[in-house]
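Let's take a friendly walk through a protein fold together. Have a look at the picture first, and then read on.

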Amino acid sequence: MTSTLDWPDRYGDPSWFLQDRFGMFIHWGLYALKAKDEWVMTQDKIAKKEYEKLANQFNPDLADPYEWVAQAKQSGMKYIVLTTKHHDGFCLWDSAYTDYKITNTAYGKDIVAEFVAACRNENIKIGFYHSLIDWHHEHYTIDGLHPQRDDEAERSRERDMVVYQTYLYNQIEELVTKYGRIDYFWFDFSYDDRDWGWSKGKGPADWQAEKLENMILNYQPHILFNNRLGLDRGVYTPEQYQPTEPLYTDNGKKRIWEACQTLNGTWCYNPTNLHYKSAEMLIKLLIDTVSKDGNLLLNFGPTARGNFDSASTDILNALQTWMNDHHDAIYGTGASYMECPQDCRLTQKGNRLFIHIFSWPFRTIHLKNLGNVKYARFLHDHSEVPVVVYQDSNIFHHDMPVVAKNETVLELPVIKPKVTV
Ligand code: JFZ
């Protein structure tokens, strides 16, 4: 079935995004020092003046964006989205509009500039995450009193969202004019239940969403946006949630979507939270996402010293091993029209069907309506797998090894090529 994409004509061409399928999310900022949660300022009711002091403590002596990018690339990720500013308002670039920025810490350098240079060097697409919420800006309005603003001066101050709008606009203009070509702008506005009122009552008018969009497109006409400007367009970003099938709008247009997922439930570096997803689970998450026509943006939180911890590195290494053998079943693929066999996922490009075996079968994989297929093979070594096609029932049967690793991929040509939207 052919359907049209739900994608504004005036946005950039999303072809690269649909081809690449796999990206790295990086959440990094002052909150890494607390090593709990990027929401720590609000959750632990840390007053603004207190939280600001973290900037004096911040000395990421191991931070090396070239290393981040190299690790992402070797694990098969094709784009990286970095937090230029999270809700705490601390800026990772040398903004002219605030002193609350990385260049005023012991690090001294503009890490966004370094990150962008590293991505270009490695041919990795560049994404900027930017929070619309700002706990630090004195004119970001908030519904109710907040611990961060609990002193008398803060209480009595008149807040004027228009001042914040201008700040937001100017900073985003810096980000899209000072660093050359940017491929993806990832806005963040959250209606999270952890929100404590920061988003309450707010919508696109509060940050002049259309104006921001127009300005960015003016400088970067090829750019892609996610959907969190609140305009109900762009890359749809369900968070820590896997849909059951490709996503469509109410009128049947195909949505471009991206699963954003954590390693252990928090976005920021958190060594005390040991609920890590296994490498096997993360590989399956990637496959599951692509089998439903989505992209996976997998999050990593560098430590306060700026490097990936060993848990992250172990996962990156495991992803690298799998992607080396199987990337062909990910890049440029998407949902198949074939009916999925039990305990499997299917991805397809053209007439190449990939059967991702999630749980090893009892010697037989039943694939319906296969037609007359000449061969099947394992993707990782091209070793042949016997196929038996029963004329009437069109059951695909192969006499496979009794056991093998999970997430093994079989590849076979199918008669009807996939129609790409
Ligand atoms: C937001 C942030 O608050 C969070 O810290 C992190 O950066 C994440 C990627 O984005 O949290 C959200 C945003 C949207 C939803 C949930 C949490 N949502 O749409 O359900």
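The report below covers the confidence of the model and then how some of its strands pair.

## How confident is the model?

What you see is a predicted model. The protein chain has a mean pLDDT of 90, and 89% of its residues reach 70 or more. Among the elements of the chain, strand 2 (residues 79–85) has the highest mean pLDDT, 99, while strand 13 (residues 396–397) has the lowest, 56. For the complex, the predictor gives an ipTM of 0.96 and a pTM of 0.94.

Strands of a sheet pair through backbone hydrogen bonds, in either a parallel or an antiparallel way.

Strand 6 runs parallel to strand 7 (residues 294–300), and five bridges join them. Here E258 stands opposite N295 in strand 7.

## Strand 9 and its two partners

Which strands pair with strand 9 in the antiparallel sense? Strand 8 (residues 344–349) is joined to strand 9 by six bridges, and strand 14 (residues 408–413) also pairs with strand 9 over six bridges. You can follow this through F354, the bridge partner of T347; in strand 14, the partner of F354 is E411.

Strands 8 and 9 form a hairpin with two residues between them, and G350 in the turn has a positive phi of about 55 degrees. Five of the six residues of strand 9 (residues 352–357) are buried, so the rest of the structure largely encloses this strand.

Definitions and conventions. Residues are numbered from 1 along each chain as its sequence is written. This is a predicted model: local features need pLDDT of at least 70, side-chain atom pairs count only at pLDDT 80 or more; totals for chains, interfaces and linings use all residues. A residue is buried if 20 or more other C-beta atoms lie within 10 Å of its own, exposed if 12 or fewer, and partly exposed in between; C-beta atoms are placed from the backbone. Helices (H or I, at least four residues) and strands (E, at least two) are DSSP runs, numbered from the N terminus. Two strands pair if DSSP finds at least two bridges between them. pLDDT is the predictor's confidence in each residue, from 0 to 100.
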